[in-house]
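Please look over the sequence and the structure below; the paragraphs that follow lead from one chain to the place where two chains meet.

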Amino acid sequence: MIEAEQQIGTFQERFRRVQNEIGKVIVGNEDVIEGILIALLAGGHALLEGVPGLGKTKLVHTLADVLHLDFHRIQFTPDLMPADIIGTNVVHETADGDRYLDFQRGPIFAQIILADEINRATPKTQSALLEAMQENSVSVGNDTFALDQPFLVLATQNPLEMEGTYPLPEAQLDRFLFKLKLEFPSVDNLHDIIDRTTQVDAPQVSTVLGGDEILEMRATVRSVPIARPIQDYAIRLVLATHPEFEEAVDETRRYVRYGAGPRAVQALVLAGKIHALMDDRVHVSADDIRRVALPAMRHRVLLNFEGEADRVDPDTILQAILDNLPGPREN
Amino acid sequence: MSVRPSVTLLLRALQARVRSNALKQEIVDALLLTGAIGMLLAGWNATMPVSMGLAWAWLLPVLVMVAIRAALRMRMAFPLWKAARSADEGDALQDEMTSAYWFERHPEEGEWVDLHLSRAQETAAGLDPRRIVPSQRPERMGATAGCLVGALAFVLLPVPRVFEPMVDRLSDLAAELAQPESDDLVAELQETTDREDDEFEDPERQDRLMLPEPDEQESGGQNALEEQEQEGDSEAQPEDPEGSFMEAEEGDQGEQDGDPQEMQVDNPEELPESEGEQEPDPNESQQEGQGESTEESGQTLPAGEEVFLQQGGEEIEQMELGEEEVGHATREGGEELELELGELETLEVQLQRELLAAEELPEDPEAPEEEEEKEELVTKAEDSRIDFREVSRPDEAALQELLQSESVPWEYRQIVLAYFKALRERDNQKDEEEGRRP
């Protein structure tokens, strides 16, 4: 028990240390920072959505600086090819004149990947990330290359510019643990942003966490027990997004074509465990599940024609589910 | 693990407190129900006596049902799972008790589970069950107290039995109806009705009541028809029988001042000797009157009509007609009617009331003369302007008055109704016979 308590203490200390370090550069958006860290510690990936100028790319750059991890940035464009992400075999010629194929690793071979404006690339290129995000490996020809751990993909997309973009396919979206929305900063936050970026001394961050420590934190997260009633609540929460299940609410039956999948339950439980650890608890509560429900499921709910015609926000449907779904029940 | 009983102990303490609150509420509900029923029974007993057996027959099943319901609700009301949920929600424990209760029931090996249960033990030890589940005051206390006080008030205080006089009055009425006198009167009235029916069915009597034969009508048949029309006119005048009776009484008083009791004779035994001598034998005098009426006046009064007038309270007027218009024969027929009146004891009270009412009226010296003129006018068939069919039945008014009179007991009214019904049938039969006449 002492070791477990020490792990909890260490986890909290490291987590807050990263938060504070990122907070030196990024103003506001604490929920987004926390979400990115949760995604990192849960072994998932995050999709950042926001209008231009909100600091999405800056946030990921700062995270890469704080974490002692390899960082690559991929600017997604319509002419980007999968090989530009994964890598390609290049013909090399030796001094003897012999030629051979050598695999030139692409930018995917890093620990933190910034897929900037991921929806500007074609679905073919977007799908190049599928294996890497799910299997943490890359297959080229007959060779499979394992990616270094921890591996984190942070993708950004602009919700306003729809012309010339390719919405992410459902399979791609389901790979993201969280979909985080960056809100426009408040007046106070804007003052802070101006103060930090228009002066001579720009804020500097230091590396506070390495890859091994992150892997330890991931192990700590998975050690947290969860009681079956709480797990059942998370499952019922996901089932409530499916219109054909009895847990579905009226909004679900009206606007949803297909609900969240099993990866959503995994995301809810893992994220709930991280919230429990950060709250100095060794058990997961229903509130932990509720707190991560929106970022974990908003991109997994597919609207039907009526929902899209009415421009229904999936968050509205999820909030209705949270409000109407009964709490944990005896199993 | 030593930590597990602690959580269970807390949950059982919470369970006990919740059940205690529920038990108090059940007791209050039972008292409320008992008080309400008790007040109902006590109030019932205060107004009308209720036997204890009936009271317990109401109370016992209700009490048994309440006890069974309370036991079932206490048994099923609050499981430990709900206690854990209430602890978490009551003290914002973030589902710690819920999770710990589940891990107690489903043990898992692991350092983290032990740590979780250990922390849950510490949390449970620091919880106050009284704070999580405070002692609740049962609801509906005021209503319960009111019902119990009301029941006690009905039992202890001298509440007047408001319905008791009504019950006594009904009892007295029942006893009065059951008295022998009433039975005698009923039997007497019934006997009278039967006798009237017998007489009506008696062939000899019917011979006397029958209309004259066609040969007799040659001499007096036309007069008889005219007489009937005149009688119809005379009957048509008094819409109110009492009023017509009073007119006739006034006329009689003009002639019979010396002997007013003559009009009150219903029973021959009550007649003075002077009058009693005139009719020593009712049958004989009846036969004589019948013969004289045929011989002297040549007119025949329908006997049924006479009886009808007697029974409808119009016998006085008939007597007047007999004296003034029909002649001596009619007068003797009136004597015969008096004999028959004497037998109709059932209408004695009604007749006496009418006579007394007539006596109280002021006498008009000119009234007899006017009455004679009227009677003379209506007696002559050629002067009558009233259609025979428009003549109302005097017995209808008499019947209604008699039935509406409070002095006639309820049981008698059916007899009276039957009596008048028999009269009506007989009149109808007579009308049919007259209608077949040429």
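Chain B has an accessible surface of about 24000 Å², of which 54% belongs to carbon and sulfur atoms (Shrake-Rupley method with a 1.4 Å probe). This is a predicted model, in which local features need pLDDT of at least 70 and side-chain atom pairs count only at pLDDT 80 or more, while totals for chains, interfaces and linings use all residues. Residues are numbered from 1 along each chain as its sequence is written, chains are lettered from A in the order in which they are written, and side-chain values use heavy atoms, with hydrogens and water left out.

Chain B holds 21 helices and 0 strands, helices being DSSP runs of H or I with at least four residues and strands runs of E with at least two. Of its 438 residues, 44% count as buried, that is, under 20% relative accessible area with a 1.4 Å probe, protein chains only.

Where chain A and chain B meet, 28 residues from chain A and 20 residues from chain B take part in the contact (heavy atoms within 4.5 Å). Together the two chains bury about 2100 Å², 63% of it on carbon and sulfur atoms, buried area being the accessible area (1.4 Å probe) lost on putting two parts together, summed over both. The interface has 1 salt bridge, defined as a side-chain nitrogen of Lys or Arg within 4 Å of a carboxyl oxygen of Asp or Glu; R119(B) forms it with D280(A), the closest N and O atoms being 3.7 Å apart. On the side of chain A that touches chain B, α1 (2-23), α9 (211-223), α10 (228-239) and α13 (286-291) each supply at least two residues, and α1(A) gives the most, with 6 residues.

Notes. Buried < 20%, exposed > 50% of the residue type's maximum accessible area, 1.4 Å probe, protein only.
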